[in-house]
Amino acid sequence: MASLNTKNIFLTLLVAGILAGMFLSETAVAQNCGCDATNCCSKFGYCGTSSDHCGTGCLSGPCLNSNGVSVSDIVTQSFFDGIVNQAPADCVGKSFFTRAAFLNSLSLFSAFGTIGTTDDSKREIAAFFAHATHETGFFCKIEENGGASTNDAYCDPDYTDYPCAANKKYYGRGPLQLSWNYNYGPAGSFLGFDGLNNPETVATDADVSFKAAMWFWMINVHPIMTSGQGFGATIRAINSRECGGNEPALVAARVQYYKDYCDQLSVVPGDNLSC
């Protein structure tokens, strides 16, 4: 389940983003980017052309170290179908999650899979789909098992900027099972939907679902991949509860999916695979 360990990370990013907005002299458009083609969208949601915008954590635009890789050429229909077709025929996600919706998410996050070497791109793509496979059961599940019936609303009242709406639950939804109010709120603000009052959108609109997953990935996981920390660190970023020997079978499953997809994409998985 994505994001259970990200409260401190998000708070740090939020504070840093506020400071960035105070001191950056380049074009800024609040926390939503929407940059023109000549500007980068920074990890804090600001437009500009400085290394702070276009360097580490750049979400889209002419990011530094962009390699020009076409993600659509790597994530072919055959590759995508090879994952989805492993889910049972009656899975609700089989007709919901589509390659087209995945590729559409890249319109906002063009830095995904395009930073570093071609092999770096392939490893990031393999990692994303490994986690999505694990979280959704080969894109079978749109929502967390039992999420709608649980008494846990996944609401953290400490995040007063993203107050939980009455009778709303922020359990896992989408390819990376977005969870908690402190993720639904900012994801919705960035993507243009009301994440706090309508978290269900992540489970009813395939484009939003993939964009929400990609938002989480680019904020929390993409910097890990581009800094070469290895797949193990991405497991900790998505669900740290599985690490430290707590859930070795689940960690092993994620690693195996990653290795399988790296093999399909003809790239070496690299080091530090386990958390």
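E135 is buried in this predicted model, because its relative accessible area is 5% and the cut-off for burial is under 20%. The residue lies in helix 7, and an unreviewed UniProt entry places the feature "active site" at E135. That annotation comes from the record and may be inferred rather than shown by experiment.

**Aromatic pairs**

- The search of the whole structure for aromatic pairs returns 24 of them.
- One of these is formed by F102 and F112, whose ring centres are 6.1 Å apart; the planes meet at 85°, so the pair counts as edge-to-face, the class for angles over 60 degrees.
- F102 belongs to helix 6 (residues 99–105), whereas F112 sits in the loop between helix 6 and helix 7 (118–136); the pair therefore ties together parts that are 10 residues apart in sequence.
- Burial applies to both partners, F102 and F112.
- F129 and F139 form an edge-to-face aromatic pair, with 6.3 Å from centre to centre and 70° between the planes.
- F129 is located in helix 7 and F139 in the loop between helix 7 and helix 8 (181–191), so this pair ties together parts that are 10 residues apart in sequence.
- F129 counts as buried because its relative accessibility is 0%.
- F139 likewise counts as buried, at 0% relative accessibility.

**Aromatic cluster**

- Which residues form one aromatic cluster? The members are F79, F80, F96, F97, F102, F112, F128, F129, F139, F210, W217 and Y261.

**A charge over a ring**

- What lies over the face of Y171? The residue in that position is R173, at 3.9 Å from the ring centre.

**An exposed loop residue**

- T49 is found in the loop between strand 2 (47–48) and helix 2 (51–54).
- Is T49 buried or exposed? T49 counts as exposed because its relative accessibility is 52%, and the cut-off for exposure is over 50%.
- T38 is 11 residues away from T49 along the chain, and the C-alpha atoms of the two residues are separated by 7.7 Å.

Notes: Residues are numbered from 1 along each chain as its sequence is written. This is a predicted model: local features need pLDDT of at least 70, side-chain atom pairs count only at pLDDT 80 or more; totals for chains, interfaces and linings use all residues. Side-chain values use heavy atoms; hydrogens and water are left out. Rings of Phe, Tyr and Trp (its six-membered ring) pair if their centres lie within 6.5 Å; planes under 30 degrees apart count as stacked, over 60 as edge-to-face and the rest as tilted. Helices (H or I, at least four residues) and strands (E, at least two) are DSSP runs, numbered from the N terminus. Buried means under 20% relative accessible area, exposed over 50%, partly exposed in between (1.4 Å probe, protein chains only). A charge sits over a ring if NZ of Lys or CZ of Arg is within 6 Å of the ring centre and within 35 degrees of the ring normal.
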